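Dear colleague,

I am handing over the structure below, together with notes on what was found in it.

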Amino acid sequence: MKAALVQSPVWWTVDMPLGIAQLAGALKKAGHQASALDLNILLWHRASPSEKPLWDWENFQYWNNPELV
């Protein structure tokens with residue numbers, strides 16, 4: 001089996017999401033192909049200074065709106 005594990009926004013931008021790394025490791029140990037991607041931090045690094053507040057917890061509803069995202 002192949003699996004891609006993706007951390008999507010909105011999430012913490014200071015530490016890595018260890019959960020998907022642990023899941024990828026468990027899948028690999030079980031003989032599966034797995035990769036982990038922190039899409040959240042990639043988007044945060046590409047965001048303009050005016051967009052960075054979208055990662056504040058009080059703005060989480062932005063990421064739940066398909067028309068905006």
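Throughout this message, two residues are said to be in contact, or to touch, when they have heavy atoms within 4.5 Å. This is a predicted model, in which local features need pLDDT of at least 70 and side-chain atom pairs count only at pLDDT 80 or more, whereas totals for chains, interfaces and linings use all residues. Residues are numbered from 1 along each chain as its sequence is written, and side-chain values use heavy atoms, with hydrogens and water left out.

I begin with Gln7, which is found in strand β1; helices (H or I, at least four residues) and strands (E, at least two) are DSSP runs, numbered from the N terminus. Not counting residues up to four places away in sequence, Gln7 touches Pro17, Ile20, Leu37, Asp38, Leu39 and Asn40. Gln7 counts as buried because its relative accessibility is 14%, where buried means under 20% relative accessible area, exposed means over 50%, and partly exposed lies in between (1.4 Å probe, protein chains only).

Leaving aside neighbours within four places in sequence, Asn40 is in contact with Gln7, Ser8, Pro9, Val10, Trp11, Trp12, Thr13 and Trp55. The C-alpha atoms of Asn40 and Trp11 are separated by 6.5 Å, although the two residues are 29 residues apart along the chain. A polar atom of the Asn40 side chain lies 3.2 Å from the backbone oxygen of Trp11, and a polar atom of that side chain lies 3.4 Å from the backbone oxygen of Trp12. Both pairs are listed as polar contacts, that is, pairs of N or O atoms within 3.5 Å in which, within protein, one must be able to donate a hydrogen and the other to accept it, and residues adjacent in sequence count only if both atoms are side-chain atoms.

Among the residues that Asn40 contacts are Pro9 and Val10, and the peptide bond from Pro9 to Val10 is cis, with omega near 5°. Val10 lies in the loop between β1 and α1.

Ile20 touches Leu5, Val6, Gln7, Ala36 and Leu37, not counting residues up to four places away in sequence.

Leu37 has its place in strand β2, residues 33-38, and counts as partly exposed because its relative accessibility is 37%. Leu43, in helix α2, also counts as partly exposed, at 32% relative accessibility. Leu43 touches Pro9 and Trp55, not counting residues up to four places away in sequence, while Leu43 and Ser8 are 35 residues apart in sequence and 9.1 Å apart in space, C-alpha to C-alpha.
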